[in-house]
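Let's take a walk through this model together, one chain at a time. Keep the structure in view as you read.

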Amino acid sequence: MIMKKKVELLIFFTFIILALSLVPTISVSGQQPTPSPSDDEVNAIASQLFCPVCQNTPLDVCPTQACHQWRELIRQMLAEGKTAAEIKQYFVSYYGASVLSEPPRSGINWLIYIVPPVAFLIGVFLLFMAFRTWKKSATRLVIAPNPRNSRGAEPGSDSTADDPYISRLEDELKKRK
Amino acid sequence: MSQESGISPAPKREVPIWVQILIWLGLLGLLALLAAGLLKARHPIMSVGSQVPDFTLTLFNGYEFNGAAQLKRSDLLGKVIVVNFWASWCQPCAGEAPDVEAAWKTYEKTGKVVFLGVDYVDTEPEARAYMTQFNISYPNGPDLGMKISEIFNRNLGVPETYIIDQQGLLHFIQIGPFQSAAEIQAILDPMIAGK
Amino acid sequence: MLAQFGFGVFVLTFLLSLFSVIAGLLGYFNGSDRWVEAARRSMLLTFPLITLGTLTLVILLVTGHYELEYVYSVTSNDMPLYLKITALWGGQAGSLVLWSWLMSAFSSAVTLRKWERDRELLPWVIVVISVTLSFFLALTIFFENPFTRWWQTLSGDFVLRMFAPGGAVPVFPPDGQGLNPVLRHPGMILHPPMLYLGFVAFVIPFAFAIAALVTGRSDDRWIRLTRRWTLVAWLFLSLGLVLGMWWAYTVLGWGGFWNWDPIEVAPLMPWLTGTAFLHSVMIQEKKGMFKQWNMLLIILTYSLVILGTFLARTGVLSSIHAFSQSSIGPVFFVFIGLTMIISIALLIYRWKDLKAEVEMSSWFSREALFLLNNLLFMGVLIVCFWGVIFPLISELVTGQKITVGPPWYQRTNGPLFGALMALMGIAPLSAWGRSTLKTLGRLLWKPSIPTVLALAAMIALGVRNWIALVGFTLVAFVIFVTLFEFWRGVRSRQKGRGENLFTAIWRLFGSNRRRYGGYFIHISMVVMAIGILGVELYQTTTQKTLATGDDLQFSGYTLRYDSLTHVPGADGSSLTSAVVSVFKDGRLLGKLHPQFSTFPSGETATVVGIYSTLADDLYVVLIDWENISPAQAPFKVVHNPLVNWLWIGSLMFIIGILIAAGPEPDQDDMRSAR
C-alpha cells in the first residue's frame, strides 16, 4: 500500500521536474536574438520621416552624422519590435510634428487638407455661373464688330477663324489700315 | 488670387465693392504674413533683459534634480539658471563639456545656481554615452518637441548657453562654446555675489 | 582699383536708370516726345554700362582678388576657369548682378524695336522696366555689394567696407573659400541663368500690360507685341526647371528629381500661371475675350516671379536651396508690396474698360476648353501656393513647425494633372465658337481606338496599378489625338495642293507654327509624363553594405562591388571612388564609378553612377556616412523605370518651342497662296 503511494509520489515529482525542465526552453525561445533589421527595413520607415534639423530632407537620404544616429535608433526600435506607427510617434514627441511628411490632422492643420479642394470647387462654380450667363447672352447677341473702337487693332470676330490663312489675311489688312 | 471672370452681360460694370474689399483683404493678409515670416527669419534671439517665459524640462532618468523628474523654470525662481544647449553629435559641445561640468561643481553646493543641460535634437543612447563620457552630473533632459529652443528663439546651433538671473530675466547669451570654466565663473560670480 | 571702378559703373548705371524713370514720367505727363526719347536713350545706355560693370566683377573673380568678400566666398585657387566664371551667380550678391544684367539686356532689346505705332505705350514700358532695374541695382549698391572688401582697422578688427575706413589697411587673403562643392557641377552653368532668363523675360509682357492699363488701351496690342517675349520667358523658365531636376538627379544622390521643396515650388508657380497665360491670350487674340483675366494672369505671373525670388533669397522659407541670410529682406518686401498693390489697383480702376462682348455658345468650344485649362492650372497653383504658405501660417499661429511634403502634393495635384492631360487630348479637336459633344465625338472616336488598344495591352502585360493605367492611357490618348491632328492637316494639304508627304508636313508646321508647335509641345509634355509616372509609381530602392567581390541582385540587375580607391588631396580634401560592375542575365553591361569628395570644410559632394537605358536607370550611390573601407562599402541602389523619357521629352519640348516661336510665314508665301 505504502509502496504504491511512494511510486505515485515518485511519478508525480518526476512529472513536476520534467514539466519544470521544459519551462526554460519555452522562455529561451522567446529570448532568441532577432536578426538586426536590414537597411531597407530602416529606410522604409526613415523615408516617411524628415530630418528634424536639415530642411526638407527625408531621413533616408540625409547624410549628416545626426541623421545616421536617428537611422540607427530606428533600427534599434525595429529590433525591439516597435511598429512603424510607434516609431513615428516617438519621433514626433521628441522632435515635433515637422518630422512627418504631412501635417498631422489636428487643429489648424485641417486647413491644409480642406482649402485646395474647396477653392477648386469655388472656381468650378464661378466658371459654371459665368458660362451660363455667357450662353444666355450669346443667344441674344448679333455678332458684330465692337462699337467701342479703341486705337489699335480690333478683336477678331471671325467665325471662319479655323482657317489660318483667313486670319492671317485679316491681320494683314488690319496692318495696312 | 481670386478669379475675376465677367459675370454680367451688361457692359461697363465696375468691380463690385465687396469683391474689391475681399481682394484688398487677401492681398494685405498675404503681405502681413510675409512680413511676419521675414521678422521671424531674421532670428532675433531673445534679448538680454527680457523675461524668460516658463518652460518645462523633462529630465533623463538618473539626471533628476532633487528627485524631480521634471523641472519648470518657475520652480527655480530665486536661483541663477544656466541653460546649456548641447548635442552628442556636436564637436564644440564636447570641447566645452569638461569646463561646464567643472563650473557646475564649484557652484553646486552653494545652492544659488542651477545648471540645466538641454539636449537638442539628439538620440537618448548617444546622449547618455556623451554624458557618461564627460561625467556630467547636473540635471539634463531632451528638448522635447524643440519647445525650449523655440522659447529662446535660438540661433539653432549648438552649443548655446543662456544664463537667467534670479528674477527670471535673461542675463547673458553665449553662442558657441565656452573656452574655460573660469570664463563661466567670471559671469556667474558677480550674479551671486552678496546674495 | 578695379573694384572701385566696377562699383562706380554700377552707381552710374543706377543713376541712369533712375533718370529713365523720371524722364519717362515727365515725357508722359507733359506729352513731350523729347523727354520720352531721353528716357529711351538712357535706358539703352544702361546696357553697355552694366555689361562693363559685370565684366569687371567677372575679371575680379577669375583673377582671384580674394580681398573682395564675394570673390573670397565663391572662388578659390583650385577652381577651373569655367567654374570661376559661373561663380558670378554662385552667391547672393553676384546673382543679383546677373539679374540686373539680364534685365538691362532684355529692356534694350525691347527699346531697340520700332515704336512708331505704339508711341503712347513706350513711356510706361520704359518706366516699369526702369523701376525694376533700379530696384535690383539698388539692392546691389546698398545691400549686397559684391565689391566690398576686407580691411583691418587700427584696433585690429576686420571690417567689410566698400571704401577704406580711416587708417585701415587692406587685407589680402591668399586663397578663397571656394564654391560650395554641390555647386561645382555643369548644372551650375545652366540652371540659374536659365531660370533668371525666364524670370526677367516676364518683366516685358508685364511692363506692356501695365502700360496698356495706365494709358487706357483696351485692345490686345500689348499681347501681340509681347507674344514672343512670353514664349521666350516660358521657354527659359521651363528649361530652368528641367535643368534643376536633372541637376538634382545627378548630384544629390537622392534617386529622384523633384521633392516639392518650397524653393522648388517657388519657380513652378509662375510657370503654371505663365502656361495658363500662354493659352488664354490665344482666346483674346482670336475672340477678343477675357481681357481682364489675361491682365490678371500676367500680373499674377510677374508677382509670383518676384515673390519666388523674395522667398528664396530672404530666408523666410527654410530649404537646402535657400541663399544664406541677407539684409535685402525688408526692402524686397516693400518692392513686392508696392508692385502687387499698384498693379491690382490699376486693374480694378480699368476693369470696366476692358470688357468686351463675350460670346460663348458652346460648352465644348475651344474657348470653353481653354477656360477649363486655366481653371485646372489655377487649381494646381492654389495647391502649390497653399503648400508653401501654410507652414508659415501654422508656425506663426500655433508656433508648431510642420512639413508639407511630397505625399500631400502628389495626392492633391495628381487628379488635376490627370485632368490636364485629358484636356490636352480633347482640346485640339475642338473648334472655335462651335463644338458640340457630337462634333467632338465624331473626331474623337478615331484616336480613341488605338488608345483603348494601348490600355488593353497594358492590362495584358500585367499592369495593375490603377494610377499607372489611367496615366499611361492618357499619355497614349494625347499622343494619338495629336498625331491624328497632324495627319488630318497633312492629308488636306496633300489632297488640296498635291504636295508629297514630307513637303506637306514641313509646310503644315510652317503655315501655323503656333498651333502645330503647340501640339508638338503637348506631345513632349506627355513624353515627360511617361518618365514622371515611371519613377513615381515604380521606383524601387535598396541599401546594402557589400564586401569586395560581393554581389547584389536588384530589379533584374546584378551589381558587384569590385574595388575602392581613396585619394587624399593636398588641402585636406579627398576623393573616394568605387568601381561597381553591372550585369544583366549574366552579361557584363558596364562599370559604374559612384564616388564622393570631401572638402576641408567638411562638406561632401556626390557623383552618382548611373547606367541608363530607354527602359530604366540603374542609379548607384556610394554612401559617405557609413563605415567604408576597401573591404566593404555601403551602397544605395535605386531603380528608376522610364526616367530617361523625362529628358527626352524635354529635348522635344525645346524643338516644339522653336517651332512655335519661329517667324510667321512671310507675305510672299501668302500672296502666292491666294
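**A tour of three chains**

Chain A has 6 helices and 0 strands, where helices (H or I, at least four residues) and strands (E, at least two) are DSSP runs, numbered from the N terminus. Read from the N terminus, its elements run α-α-α-α-α-α. A word on the ground rules: this is a predicted model, in which local features need pLDDT of at least 70 and side-chain atom pairs count only at pLDDT 80 or more, while totals for chains, interfaces and linings use all residues. Residues are numbered from 1 along each chain as its sequence is written, and chains are lettered from A and ligands numbered from 1 in the order in which they are written.

Of the 177 residues in chain A, 24% are buried. A residue is buried if 20 or more other C-beta atoms lie within 10 Å of its own, exposed if 12 or fewer, and partly exposed in between, with C-beta atoms placed from the backbone. Among the contacts in chain A with a separation of 6 or more, 38% join residues 24 or more positions apart; two residues are in contact if their C-beta atoms, placed from the backbone, lie within 7 Å.

Chain A also meets chain B, in a contact that takes 18 residues from chain A and 13 residues from chain B. On the chain B side, these residues divide into 7 nonpolar, 5 polar and 1 charged. Here Ala, Val, Leu, Ile, Met, Phe, Trp, Tyr, Cys and Pro count as nonpolar, Asp, Glu, Lys and Arg as charged, and the others, Gly among them, as polar.

Within chain B, please find helix H2, residues 91-108. Its 18 residues should span 26 Å at 1.5 Å a residue, and because its end C-alpha atoms are 26 Å apart, the two values agree; the expected span is 1.5 Å times one less than the number of residues. Where does H2(B) have a kink? A kink of about 40° lies at Ala97(B), shortly before the proline Pro98(B), the bend being the angle between axes fitted to the seven residues ending there and the seven starting there. The buried residues of H2(B) include Cys93(B), Val100(B) and Trp104(B), and what covers the buried residues includes strand S3 (80-86), strand S4 (113-119) and helix H5 (181-192) of chain B.

Helix H5 of chain B holds Ile187(B), which counts as partly exposed because it has 17 C-beta neighbours inside 10 Å. Leaving aside residues up to four places away in sequence, Ile187(B) touches Ile163(B) and Phe172(B).

Now to chain C, where 3 strands form an open antiparallel sheet in the order S2-S1-S3. Strands S2 (158-161) and S3 (169-170) are the edges, each pairing on one side only. S1(C), residues 149-152, pairs with S3(C) over 2 bridges; two strands pair if DSSP finds at least two bridges between them.

Elsewhere in chain C, Leu474(C) lies in helix H16, residues 466-497. Leu474(C) is buried because 24 other C-beta atoms lie within 10 Å. Not counting residues up to four places away in sequence, Leu474(C) touches Gly418(C), Met421(C), Ala422(C) and Gly425(C).

Finally, look at the largest nonpolar core, with 265 residues, where Val125(C) and Val526(C) touch the most other members. Helix H9 (residues 221-251) of chain C gives this core its largest share, 19 residues. Such a core is a set of buried Ala, Val, Leu, Ile, Met, Phe, Trp, Tyr and Cys residues joined through C-beta atoms within 7 Å.
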